[in-house]
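Thank you all for making time this morning.

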Amino acid sequence: MKELLKNNLETIQNRLWEINDTLYHHPELGDQEYESMNLLVELLEQHQFSVEKGIVGRPTAFKAVYDSKKEGPTIAYLSEYDALPEVGHGCGHNMIGTMSAGAGVLLSKVLDEIGGRVVVLGTPAEETNGAKVPMAEQGVFDDIDAAMIVHPGDVSYESGESLAMDAIQFDFRGRTSHAAASPEKGINALDAVIQLFNGVNALRQHVTSDVRIHGIIKEGGVAANIVPDKAVAQFYIRAKERSYLNELVQKVVNIAKGASSMTGAEVHIENYELSYDNMVTNQTLSQLFTSNLLTTGVMQVEKAKDSYGSIDMGNVSHVVPAIHPYIGLDSPGLVAHTREFADLTITDNSHQILSRGALALALTGYDLITNKDVFEKMKNEFRQVELIKA
């Protein structure tokens, strides 16, 4: 049956490559990926998937289902397709979206024989306001047994960890006045932002080594001779564990309130993007995928690397067994979020790598459906991790 999956890949891979390259040439930003979504949905509908667009209130999100009508696990592949401003697909989401859709099509071809369901979820805006967050919150994964996504990288890595992240905006409001003639009548909102940065910099000495805090001054006044009555700072605050991140965010909030008290500027604090949870890799599922990936022609898979980024797949991993491994583009040291990365996604070699990724995902789904022992091991591991967190 696995040979059938490999044979079916040969019948669809040219179309997968075309979709991948079209996404590259027509990049769309998060929540604006209408053409990208339609390309992937068209492929899935051609292979008898039932598709619902606009789920969880996101116009470019979708859920595509192929149901064998026989008992068995439900396997989900998560498809990303948002691009970056100016850079385009410098994070390879054109490959991610296509690999997941391709894996769904491949697995669907054997489901009538082995049972179960396959779901392809279109998950917009991973780079900014990831749709996987409301999907996890609103029960999209409640009837799913395992969720998988594979990301292109410089070399292949096992699924690992990511940092939990909150995106916090601090909006300070003061009072204008002439900065030279009557400075005493003004309340300087920019001074409050500067004190916030000073406080955060002092805090860095007293946090764990995994913490990352980085911010910008988005607004800081309009002219040097006017006391700024509005100043806005935005921060990403990250930590390895959500529980510690919550403590850390409260400390930064307290610093902002202190800056408000020091300057007299009022402060309004809010999340300006959705919060991401830390990634919890299901090791049973990860080992299964790695084993399958090595059968596709990928020569080596490195151990999971330390990650200081944040992904909305982390939220998924808290509600269902999940993995987020990397498939190498045979370019050690390649830097993501660059045009060089984007350009590499449409080479002949990357086409072959895309095919291997799609096949490895499909083979892993097949194993979960047909091997009850490994399926139960995966589920038991997830339950034990949840008990520990509780």
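What follows is a short walk through some of the salt bridges in this chain.

Please keep in mind that this is a predicted model, and that the count for it comes to 15 salt bridges.

Let me begin with Asp31 and Arg58, whose side chains meet in a salt bridge at 3.0 Å, N to O. This pair links distant parts of the chain, 27 residues apart, since Asp31 sits in the loop between helix H1 (2-25) and helix H2 (34-46), while Arg58 lies in the loop between strand S1 (50-53) and strand S2 (62-67).

The next pair is Lys303 with Glu158, where the closest N and O atoms are 3.7 Å apart. Here too distant parts of the chain are linked, 145 residues apart, with Lys303 in the loop between helix H7 (283-294) and helix H8 (313-317), and Glu158 in the loop between strand S6 (151-153) and strand S7 (164-173). Lys303 has 62% relative accessibility, so this residue counts as exposed, the cut-off for that being over 50%.

Then we come to Arg242 and Asp166, a salt bridge whose closest N and O atoms are 3.1 Å apart. Arg242 belongs to helix H6 (residues 242-263) and Asp166 to strand S7, 76 residues apart in the chain, and both of these residues are buried.

Terms used
Residues are numbered from 1 along each chain as its sequence is written. This is a predicted model: local features need pLDDT of at least 70, side-chain atom pairs count only at pLDDT 80 or more; totals for chains, interfaces and linings use all residues. Side-chain values use heavy atoms; hydrogens and water are left out. A salt bridge is a side-chain nitrogen of Lys or Arg within 4 Å of a carboxyl oxygen of Asp or Glu. Helices (H or I, at least four residues) and strands (E, at least two) are DSSP runs, numbered from the N terminus. Buried means under 20% relative accessible area, exposed over 50%, partly exposed in between (1.4 Å probe, protein chains only).
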